[in-house]
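The tour goes from one selection to the next.

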Amino acid sequence: MGFNTTLLHAGVDKEGLGATLPPIYQNTAFEQASAADLEGIFNNRKPGFCYTRVGNPTISVFEKRITKIENGLASVAASSGMAALTNAFLNILTSGDEIISSASLYGGTIDLFHDFEAFGIKTNLVENNNWEQIEAAFTDRTRLVFAETIGNPGLDVTDVRKLADIAHAHGVPLIIDNTTSTPYLIKVLEHGADIVVNSSSKYVNGSSNSISGIITDGGKFKWDFEKFACLKDYKKYGPMCYIAKLRNGYYRNSGACLAPFAAYLNCLGLETLGLRMERHCKNASELASWLEDAYPEAKVNFPGLKSSPWHKIAEGELNNGYGAILTLRLGSKEQAFKFIDSLDIAYKVSNIGDSKTLVIHPASTISLHSTDAEKEAAGVYNDLIRVSVGIEDIEDLKADFDAAFKAINF
Ligand SMILES: *Cc1c(COP(=O)(O)O)cnc(C)c1O
């Protein structure tokens, strides 16, 4: 089945009453016939559900659908993208461990890595795709490598295969945040990544109606149970050991479960992910090319443009487009603010991946807590604005941007 057919048909439970959408199990607990049955479920010896914080049939449908389109082994859905990232990391980290991560990251993730310092977990931020620097960052305490497929908002494109090969040569997994590219553009597990995290609040949901995130394990990483001693108790689950530990451990205990209603809304959004991404990418490419021609001084950054230093990598690993986020530099923070305020169609909001066009000044908002050096390494400048290009009619978008440039006399 192709991508769109899979989105519409895979994981639909046609048994039972024949519901064509996942029923919303809006309940906390699931009764079992006997005390022994409950014991069986708690011990993972019997299939079924006991408590929504651990698992729920509606959430399970969403997890299965994402597993299918990411081509993974199993998924765990969380209350937000940040909850998913936190769970994905802490499932295998202990005090004293180290992370190697691309410095070109979503601001919230940089903040999270700072939070980890209080627990003795250190992160080495490296320049993305700088193989020498990445090699040099490994120590005997390195336990995972992390990057975003397309950095938000740096828009650098990670060479996933190469990064995976380096991580594996050092015996550690590669975790990829695929939020900005989505499995429509790349299934990173097929490019060597071991675990993929998506903030499904963005393109997967599509309408900005719920916060959520999801972790998908490819199930192929060869865990060294001496190095990853925390996984030892789950060795018996074979390729499912990472996910089994997560669901029975940190995910269950941190309580960052997804609400069943949000899982339902995500399932609705998923049906049109392919169709929306097609239009998002087409609009972004067209807007970026037009901006580069009409306003070259605004230094439009977009991986689909030949002027992007990441265009070659993008061309090699992304299918059907280059994503739908672009950035512009407008000379100063004041000009950037004035430009944003002059846009009429674009919503002034902090998220990405809505069907509508969205705009923000990252330096004063999502990257507020980063140091100046971290901001620069993440491609966040004081005169930069980020645009998440929506699926509106392209001529309307061009006219809106044109008017804003005129309003600031650019
Ligand atoms: C938004 C975003 C997150 C965080 O997701 P939430 O659902 O807002 O918690 C993580 N990574 C990237 C790349 C994002 O864009």
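Which residue in S4 does Glu98 stand opposite? Select Glu98 and look across: the residue facing it in S4 is Thr142. Keep in mind that this is a predicted model.

**The sheet**

Now widen the selection to strand S2, residues 98-102, and strand S4, residues 142-148. The two run parallel and are joined by four bridges. Strands of a sheet pair through backbone hydrogen bonds, in either a parallel or an antiparallel way.

Seven of them form an open sheet with mixed pairing, in the order S1-S7-S6-S5-S4-S2-S3. Go to the edges, where S1 (74-78) and S3 stand; each has a single partner strand, so one side of each has no neighbour in the sheet. Looking along the sheet, the twist from one strand to the next averages 20°.

**Helices on the sheet**

Select helix H3, residues 57-70. H3 lies across S1, S6 (195-198) and S7 (213-217), and runs at about 130° to S1. Next select helix H7, residues 160-169, which packs on the sheet and touches S4 and S5 (174-177). The direction of H7 makes about 150° with that of S5.

**Ile166**

Stay on helix H7 and pick Ile166. With a relative accessible area of 12%, Ile166 falls under the 20% cut-off and is therefore buried. Beyond its neighbours within four places in sequence, Ile166 is in contact with Trp131, Ile134, Glu135 and Phe138.

**Asn129**

Move to the loop between strand S3 (122-126) and helix H6 (131-137), and select Asn129. Is Asn129 buried or exposed? Its relative accessibility is 11%, so Asn129 counts as buried. Show its side chain, which reaches the backbone oxygen of Val157 at 2.9 Å. Leaving out residues up to four places away in sequence, Asn129 touches Ile134, Val157, Thr158, Asp159, Trp310 and Ile313.

**The largest pocket**

Finish with a surface view of the largest pocket, which holds about 1100 Å³ of space. It is lined by 42 residues, and those closest to its centre are Gly48, Phe49, Ser60, Glu63 and Lys64. The elements that give two or more residues to this lining are helix H2 (35-42), H3, S1 and helix H9 (241-248). Select H3 again here: H3 gives the most to the lining, with eight residues.

Conventions: Residues are numbered from 1 along each chain as its sequence is written. This is a predicted model: local features need pLDDT of at least 70, side-chain atom pairs count only at pLDDT 80 or more; totals for chains, interfaces and linings use all residues. Side-chain values use heavy atoms; hydrogens and water are left out. Buried means under 20% relative accessible area, exposed over 50%, partly exposed in between (1.4 Å probe, protein chains only). A polar contact is a pair of N or O atoms within 3.5 Å; within protein, one must be able to donate a hydrogen and the other to accept it, and residues adjacent in sequence count only if both atoms are side-chain atoms. Contact means heavy atoms within 4.5 Å. Two strands pair if DSSP finds at least two bridges between them. Axes are lines fitted to C-alpha atoms, for helices over the stretch in contact, and angles run from 0 to 180 degrees between N-to-C directions. On a 1 Å grid over the protein atoms alone, a cavity is a set of points where a 1.4 Å probe fits but cannot get out, and a pocket is an open set with protein on both sides within 12 Å along at least five of seven lines; lining residues have an atom within 4 Å of a point. Grid points are joined across faces, edges and corners, and a volume is the space filled by probe spheres set on the points.
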